[in-house]
Amino acid sequence: MTRLLIRIAAYVLIAVFTFIVASALASVPVPPAPRLGYRGAERHRALAANALFAASEPLLRYLAGLLSRIPLGKFREMAELELRRAGQFLGLTVDEYLALSVLSSLALGTIAELLAKAAGMQGSVYLPGAIFGLVLPKLQVQGLIRTRAKEITRGLPHSIEIAALCMGAGLDFPGSIRMLVSAGSGKGDALHQELASILEELDVGHTRREALLNFADRVRTAAVREFVNAVVQAEQKGNPLATVIQVQGRMLNMRRSVAAEEAAARAGVLMIGPMVLLLGCILLL
């Protein structure tokens, strides 16, 4: 009789605990998905192009609601900066970005464990798979940041020269940037997105200096930094902005040509190793 009462009490406690946990989870507010701005546009594009993301988006938003209650102030600022530099990756918010890491960790850990069991392995590989899944979204974002930086560095000199020609024809600096954005509106590349962001900040009341410094903060490359410094100094000292931009475009084109020549020269040196190995294989044969 005593054992029966203990079992009944244990079942009641388990049921109460389950009810409390389910009620707490059900009461978590699901944050609304971003629908406006560049983040909303990237969200719509990702939902239309990626079926896996479209299927997992409700779960990501629910996990984001759970993670939003955890105080991660400095970490959230760093994650927001990463998403901005990556061009609003998948249109995710900061909490959704963290939820994607958690979901990827659970999924890859489970998949690795199931594959290990199917292959007959004795040890557990859940922890390595979970760790790799946790850092996988960050690695993807970092790769996207590097790709965008290269794309912007390659296209910036040509765009600067066109902006200088537009300013020489009578347009001001925002008008020349708007001309570049309207001319490349169908491309959707990283440079035109950043130029559109500069125009948006100017339209909402930011000064030219603030908009350009934010551009340099989003794209940390030498070409962008030199361009922003040249424009800001020309504005402070009162120098003709069209002349400064034209000189800056020529310098960037010259440095790009020098970098290409250096890369071509290094390629010849790097080919020595494979040629020696190839010669060794021929001699062995």
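Student: Which element gives the most to the lining of the largest cavity?

Tutor: Bear in mind that this is a predicted model: local features need pLDDT of at least 70, side-chain atom pairs count only at pLDDT 80 or more, and totals for chains, interfaces and linings use all residues. Leu156, Ser159, Ile160, Ala163, Ile177, Leu180, Leu195, Phe227 and Ile245 line the largest cavity. Two elements, α6 and α7 (173-183), each put two or more residues into that lining. With 4 residues, the biggest giver is α6.

Student: What volume does the largest cavity have?

Tutor: Both cavities and pockets come from a 1 Å grid over the protein atoms alone: a cavity is a set of points where a 1.4 Å probe fits but cannot get out, a pocket is an open set with protein on both sides within 12 Å along at least five of seven lines, and lining residues have an atom within 4 Å of a point. Searching the whole structure at 30 Å³ or more turns up 1 cavity. A volume is the space filled by probe spheres set on the points, which are joined across faces, edges and corners. For the largest cavity that gives about 50 Å³.

Student: How many charged residues are in the lining of the largest cavity?

Tutor: The classes work like this: Ala, Val, Leu, Ile, Met, Phe, Trp, Tyr, Cys and Pro are nonpolar, Asp, Glu, Lys and Arg are charged, and the others, Gly among them, are polar. The lining of the largest cavity comes out as 8 nonpolar and 1 polar, and the charged count is no residues.

Student: How many helices and strands does the chain have?

Tutor: Helices (H or I, at least four residues) and strands (E, at least two) are DSSP runs, numbered from the N terminus. Read from that end, the elements go α-α-α-α-α-α-α-α-α-α-α-α. The tally is 12 helices and 0 strands.

Student: Which elements do the buried residues of α7 pack against?

Tutor: Buried is under 20% relative accessible area, exposed is over 50%, and partly exposed is in between (1.4 Å probe, protein chains only). On that scale α7 has Phe173, Gly175, Ser176, Ile177, Leu180 and Val181 as its buried residues. Their packing partners are α6, α8 (190-203), α9 (208-218), α10 (222-237) and α11 (241-270).

Student: Which residues is Leu212 in contact with, neighbours within four places in sequence aside?

Tutor: Leu212 sits in helix α9, and it counts as buried because its relative accessible area is 0%. Its C-alpha is 7.9 Å from that of Val232, 20 residues away along the chain. Taking contact as heavy atoms within 4.5 Å, the list is Phe173, Ile198, Phe227, Val228 and Val231.

Student: Which element gives the most to the lining of the second largest pocket?

Tutor: The second largest pocket has 16 lining residues, with Leu52, Ser56, Leu100, Ser104 and Gln140 nearest its centre. The elements that supply two or more of the lining residues are α3 (51-67), α5 and α6 (126-168). By class, this lining splits into 12 nonpolar, 4 polar and no charged. The top contributor, with 6 residues, is α5.

Student: How far does α5 reach from its first C-alpha to its last?

Tutor: The expected span of a helix is 1.5 Å times one less than its number of residues. α5 (residues 94-118) has 25 residues, and its reach is close to the expected 36 Å. After it comes Gly120, with a positive phi near 85 degrees. The first-to-last C-alpha reach of α5 is 36 Å.

Student: Is Ala112 buried or partly exposed?

Tutor: Ala112 belongs to helix α5. Beyond its neighbours within four places in sequence, it touches Val125 and Gly129. Its relative accessible area is 22%, so Ala112 is partly exposed.

Student: Is Arg76 buried or exposed?

Tutor: Residues are numbered from 1 along each chain as its sequence is written, and side-chain values use heavy atoms, with hydrogens and water left out. Arg76 is in helix α4 (residues 73-85). Apart from neighbours within four places in sequence, its contacts are Leu67, Ser68, Ile70, Pro71, Val94 and Asp95. Its relative accessibility is 18%, so Arg76 counts as buried.

Student: And Arg69, how far is it from Asp95 in space, C-alpha to C-alpha?

Tutor: Arg69 is in the loop between α3 and α4, and it is exposed, at 55% relative accessible area. Arg69 and Asp95 are 26 residues apart in sequence, and their C-alpha separation is 9.8 Å.
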